[in-house]
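Please consider the model shown below.

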Amino acid sequence: MRRELCAALVARATRPDLVFLTGDLGFGALEPLRDALGERFLNAGIAEQNMIGVAAALASEGLEPWTYTIAPFCYARAFEQIRNDVCFHRLPVRMLANGGGYAYGVMGPTHHALEDYGILSTLPSLRIFVPAFDSDVAAVVAAAGSEPGPVYVRLGRGEVPAGCTAPPYAPWRRLRAGRGAIVVAVGPMAGLAWSAFAEDAEDGPEVWAVSELPLGMSPPPRAFVEALAGRTLCVVEEHVAQGGLGQSLAAWCLEGGIPVSGFRPVTAAGYPSGTYGSQGFHRRESGLDPASLRARLGARLSA
């Protein structure tokens with residue numbers, strides 16, 4: 001989604017208060033933004049903790065800072081600065097995190113982001129965006145830019161099923177109607193879940209995409225609540241189970257007295273084989289690819 005991100009920020013670069021800070025990343029992708037911003041495009045170097053602290057200072061002076069690095073170097077390396085400098089002061093720092101989930105493949109677990117939005121959801125006032133499709137990015141940048149508080153944007157690779165068109169951006173979207181179970185997928189996993197069940201008949205599962213968290217800031221819409229009652233809930237996310245949307249939705253159902261007939265989470269399993277490979281390899285090991293989702297859930301999720 002880097003190309004779409006760059007285009008959206010270039011369009012926003014006419015704002016004189018916008019400042020972009022990169023952690024020595026973005027080569028071969030962000031040059032148009034660098035040219036548009038000039039001296040407002042800052043390379044903070046491989047110093048992500050300092051980059052977040054500087055961004056907090058810029059925000060406190062009324063500027064609009066955006067930071068950019070890969071996901072684990074943002075939420076994991078700079079967590080203290082995000083917590084203390086940004087969130088405790090409710091400062092509008094927009095943190096762009098490239099490569100959510102297993103996106104950085106063979107680089108291994110140090111470069112993967114499997115617990116990011118679970119950890120960050122514990123912080124006050126932080127809104128999290130996880131665009132599902134490339135076409136979502138412009139709307140996400142506009143929404144993030146208008147947020148009065150801190151923002152974390154988890155970027156990945158959108159995958160729309162062949163022959164389908166992604167619907168306009170919304171925090172919650174129904175991608176496929178069906179009388180079977182309700183499948184809720186976070187961010188880019190929505191395209192894979194959609195692919196898994198795209199050709200099912202009407203008794204197949206209903207597929208929803210979620211692109212904003214936590215639930216306290218982006219609760220499910222009425223249409224979802226009405227559709228869910230009495231059906232099986234399946235949550236698909238490239239994130240560990242602990243702290244993920246699945247746990248949040250399960251608690252939300254219990255607290256709200258919403259009856260569901262079953263609960264089927266499909267989450268990142270870590271590294272079952274102890275081997276590192278491509279994003280596709282790790283998704284298959286976790287059962288997160290379309291074929292595995294269909295084999296594991298297909299019969300169970302039909303009406």
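E206 is placed in strand β9, which covers residues 206-210; strands here are DSSP runs of E with at least two residues, helices are runs of H or I with at least four residues, and both are numbered from the N terminus. This is a predicted model, in which local features need pLDDT of at least 70 and side-chain atom pairs count only at pLDDT 80 or more, while totals for chains, interfaces and linings use all residues. Residues are numbered from 1 along each chain as its sequence is written, and side-chain values use heavy atoms, with hydrogens and water left out.

Is E206 buried or exposed? E206 counts as buried because its relative accessibility is 5%; buried means under 20% relative accessible area, exposed means over 50%, and partly exposed lies in between, with a 1.4 Å probe and protein chains only. The side chain of E206 makes a polar contact of 2.9 Å with the side chain of W208. A polar contact is a pair of N or O atoms within 3.5 Å; within protein, one must be able to donate a hydrogen and the other to accept it, and residues adjacent in sequence count only if both atoms are side-chain atoms. When neighbours within four places in sequence are left aside, the residues in contact with E206 include R174, R176, I182, A227 and R231, where contact means heavy atoms within 4.5 Å.

Helix α8, residues 189-197, is also mostly covered, as eight of its nine residues are buried. Among them are M189, L192, W194 and F197.

The next topic is the sheet. Seven strands form an open sheet with mixed pairing, in the order β2-β1-β3-β4-β6-β5-β10; two strands pair if DSSP finds at least two bridges between them. The edges are held by β2 (41-43) and β10 (212-213), and each has a single partner strand, so one side of each is left without a neighbour in the sheet. Strands β3 (residues 64-70) and β4 (residues 94-98) run parallel and are joined by five bridges. Within this pair, I70 stands opposite N98 in β4.

Helix α1 (residues 2-12) packs on the sheet and touches β1 (18-22), β3, β4 and β6 (151-155), with its direction at about 165° to that of β3. Helix α3 (residues 48-60) packs on the sheet as well, touching β1, β3 and β4, and its direction makes about 165° with that of β3. Such axes are lines fitted to C-alpha atoms, for helices over the stretch in contact, and the angles run from 0 to 180 degrees between N-to-C directions.

Some loop residues deserve attention. R90, in the loop between α5 (79-87) and β4, has a phi near 50°, a positive value in a residue other than glycine. R90 counts as exposed because its relative accessibility is 53%. S125 lies in the loop between α6 (116-120) and β5 (127-129), and its phi is near 70°, again positive in a residue other than glycine. S125 is buried, with a relative accessible area of 19%. P214 is found in the loop between β10 and α9 (222-228), and the peptide bond from L213 to P214 is cis, with omega near -5°.

Finally, the protein is divided into domain 1 (1-155) and domain 2 (172-296), with bounds that come from an automatic or database domain assignment. The C-alpha centres of domain 1 and domain 2 lie 25 Å apart, and 28 residues of domain 1 are in contact with 33 residues of domain 2.
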